[in-house]
Amino acid sequence: MKSRFYRPLSIACISPAYFPDICLFVKNNGNYILYKNHDRKFTEADRHRLERTNTEFLYVRSGDMDVVTEYLEQNLDTLLARTDIDSGAKGTILYQTAANYVTDVFDEPDKTADIIRCRSLIRHLMKYVAGHEDALKALQSITSQNYYIFTHSVQMAALMMLVHDRLFEINHDEMIDVGIGSLLHDVGLVFLSGDLLNKPDALAAIEYHKVKQHARKGYEHLKSAGTLGEVSLTIVRHHHEKFDGSGYPSGLKGDDIPRSAQLAALCDTYCAMTTERPKHNALPKSEALRIMGEEVGSTFSPELFKRFEAIVTGRAEAA
């Protein structure tokens, strides 16, 4: 697919003073048209021109993503400290940087061993989520772009940290582990055939069996790297367990399922249902919660679902 060779980049992420010398493209009716060649600087005049036309994203060639990711990670502190960028734009910058990291990991799974990068991103994400009531809103434009699988991981990590912060008194290091495990929860998908991930219709039984292996494969890959804590590994391994024991990979039941894994199942499902994605339209929050409520007792813990619902609907600051 042609779009696979181009990646969206929020204009908020482009700082004229620091942005690398690469080509930028605009998207028009499915076609990618050169906006700026590599030998011309992106200027404030460019930004204002694009804002006047309500252009939120430019695009870069996938081959240039390494230099873009390096630019964002190296300048993240500076970009987030700028006073001329509002909090929503800062959230977009942060979420995009984290999504680029996940994309990087999917392209080269061995990069999961570079846990320093991941910890740094999660610390920034944790600080942003804790300090902004509307932190999750900044994800809406990012997740509408055509790399759902990566931005879904960032959205889930943000929601997981928010829910853990509101429900439990956990220390800083455990919260970082929650964020890392959530960010990398679907990394096992990288070991599956692309045909399975992109198939537009329902999976056959044998195909579904293969997809179900991603939780175990992701856990084994990350455990072998030797850099993740047990909380992170637990989220990766058990985020598809169900309260009645019918989930996978271990068929754990009830409170034998670790707490963070139970919350991961809730957050994973909610984020998937409320975000526009290739095979499904986004559902309104109320409809997603209604459908999830029908799974209480079978898929989800009744008590945890009640507390989760109160948080995402704004009816409770904490339990």
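## Largest cavity

Helix 13 (residues 259–273) contributes the largest share of the lining of the largest cavity, 4 residues, helices being DSSP runs of H or I with at least four residues, numbered from the N terminus. The structure is a predicted model, in which local features need pLDDT of at least 70 and side-chain atom pairs count only at pLDDT 80 or more, while totals for chains, interfaces and linings use all residues. Residues are numbered from 1 along each chain as its sequence is written, and side-chain values use heavy atoms, without hydrogens and water.

The lining of the largest cavity includes E241, K242, F243, I257 and F300, and about 70 Å³ of space lies inside this cavity. A cavity is a set of points on a 1 Å grid over the protein atoms alone where a 1.4 Å probe fits but cannot get out, its lining residues having an atom within 4 Å of a point.

## Helix 4

Because the expected span is 1.5 Å times one less than the number of residues, the 21 residues of helix 4 (residues 87–107) should span 30 Å, which agrees with the 30 Å between its end C-alpha atoms. Of these 21 residues, 18 are buried (under 20% relative accessible area, 1.4 Å probe, protein chains only).

Definitions and conventions. Helix = DSSP H or I, 4+ residues; strand = E, 2+ residues; numbered from the N terminus. Buried < 20%, exposed > 50% of the residue type's maximum accessible area, 1.4 Å probe, protein only. 1 Å grid on protein atoms, 1.4 Å probe; cavity = no way out; pocket = protein on both sides within 12 Å on 5 of 7 lines; lining within 4 Å. Points joined across faces, edges and corners; volume = space filled by probe spheres on them.
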